[in-house]
Amino acid sequence: MKTRFLALLLAAVSVLCLVGCTPSVDIPDAEKETCIYSAQWLGRLIRYDLTNKKATVVCPDPACEHKDCTATDVDKYCVGDDHIVYVRKKGAASTVYCYYISKGELVKIMDCEYTQVPIIGGSFAYFAAANIEYDEAGKPLGRKWHIYKYNMETNELRALTQAPVPVNQGPRPEKITETNIFWQDETGGYTTDLEYQNRQPSDYHSGMIRDYEQHFEVVWGENAIYTFNITAENLVTGEIHDMVKGAYWYRLDFFDDPKGVIFTEYKNGDPITELKYVSFDTFETRKLCDAPEGYCISQMVSASWEHRYVGDYVGIYVKRLGSTSEHGEEMMIVNVTTGENFIISP
Ligand SMILES: [Zn+2]
């Protein structure tokens with residue numbers, strides 16, 4: 001199980017991705033129905049509005065040029081119904097913010113040295129944050145992790161842990177229900193209640209989708225190029241289905257209830273223009289679409305658990321052909337049923 005999870009992590013890390021999280025359990029409001037929120041690798045947090053096809057920076061100051069503001073250097077984020085809880089990382093300092101979508105207001109939650117990705121459940125946000133602690137002689141004792149619960153209605157922040165969680169990387173929330181949070185850290189998976197009490201071991205991880213568990217295999221090729229094979233094991237029947245062979249990158253389409261996997265294939269270093277799709281229902285691979293003329297698909301994809309979708313649409317970063325930078329902000333919005341697509345540029 002460790003190997004499998006490691007492969008999943010590797011897949012995510014290897015594409016230099018940002019991590020987002022599963023959305024909160026409440027029903028999305030109209031605002032969220034039409035927008036995708038995304039930040040490239042330490043980039044600006046941007047709202048892509050599918051209705052008017054406009055992209056705007058998620059910044060409370062209308063006069064701001066967003067060169068070095070609260071919406072820049074965004075490292076991790078989680079989008080709820082009317083809130084985005086996100087982490088801005090500048091050097092060795094991180095700041096956690098809560099942005100109120102309908103009010104356009106920003107509240108600072110806390111400063112810390114490092115965080116894991118937050119998760120939102122109802123009107124609460126949960127996250128692990130760390131600071132470096134020192135002994136009396138000033139010698140660093142390393143990162144000390146605590147779990148925090150933030151009430152987005154009252155702005156009250158509470159540490160749920162008395163003593164630090166004894167891990168190096170910090171617990172990452174994988175999923176939240178009305179009663180539990182599922183966590184992963186280097187010691188494995190476990191679940192707690194919403195006060196981080198009653199810890200119990202858990203096999204749940206982000207590769208488990210309905211009745212299926214995904215197995216990821218990394219295949220190293222020439223020139224240190226590696227690709228992924230993905231199989232899905234039916235946890236009820238034990239049947240194993242080939243999902244993806246030779247994917248250069250991949251992502252689940254809808255993380256909280258994915259219908260399938262979107263992926264690209266490596267073509268001798270040529271620009272990648274074609275998206276492919278395999279569904280959980282049929283396990284048949286089909287072409288989803290080509291990038292619009294003059295564009296190719298950016299290698300900067302999201303983590304498999306980052307949700308960047310609304311309705312039938314998913315957001316895929318693209319770049320202009322010939323561009324060497326992967327850090328652009330242009331997003332291709334693709335309908336995963338029909339392949340219909342368009343680009344939104346900030
Ligand atoms: Zn700004």
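User: How many helices and strands are in the protein chain?
Analyst: The protein chain has 2 helices and 28 strands. Both are DSSP runs numbered from the N terminus: helices are H or I with at least four residues, strands are E with at least two. Residues are numbered from 1 along each chain as its sequence is written. The model is predicted, with local features needing pLDDT of at least 70, side-chain atom pairs counting only at pLDDT 80 or more, and totals for chains, interfaces and linings using all residues.

User: What is the mean pLDDT?
Analyst: The mean is 86, and 87% of residues reach 70 or more. Over residues 1-32, pLDDT is below 50, yet this stretch has 79 contacts in the model beyond near neighbours in sequence. pLDDT is the predictor's confidence in each residue, from 0 to 100. A contact means C-beta atoms, placed from the backbone, within 7 Å.

User: Why care about low pLDDT?
Analyst: Where pLDDT is low, the predicted coordinates should not be read in detail.

User: Switching to the core. Which residues have the most contacts inside the largest one?
Analyst: Tyr 77 and Val 334, in a nonpolar core of 80 residues. Strand S10 (residues 124-134) gives the largest share, 7 residues. Domain 1 (16-169) and domain 2 (210-344) each supply at least three residues. Those bounds come from an automatic or database domain assignment.

User: What counts as a core here?
Analyst: Buried Ala, Val, Leu, Ile, Met, Phe, Trp, Tyr and Cys residues, joined through C-beta atoms within 7 Å. Buried means 20 or more other C-beta atoms within 10 Å of the residue's own, exposed 12 or fewer, partly exposed in between, with C-beta atoms placed from the backbone. Of the chain's 346 residues, 40% count as buried.

User: What does Val 334 touch?
Analyst: Its contacts include Leu 275, Leu 288, Cys 289, Tyr 313 and Ile 316, not counting residues up to four places away in sequence.

User: How many bridges join S2 to S3?
Analyst: 4 bridges join S2 (residues 46-49) to S3. Arg 47 stands opposite Thr 56 in S3.

Technical notes
Two residues are in contact if their C-beta atoms, placed from the backbone, lie within 7 Å. Two strands pair if DSSP finds at least two bridges between them.
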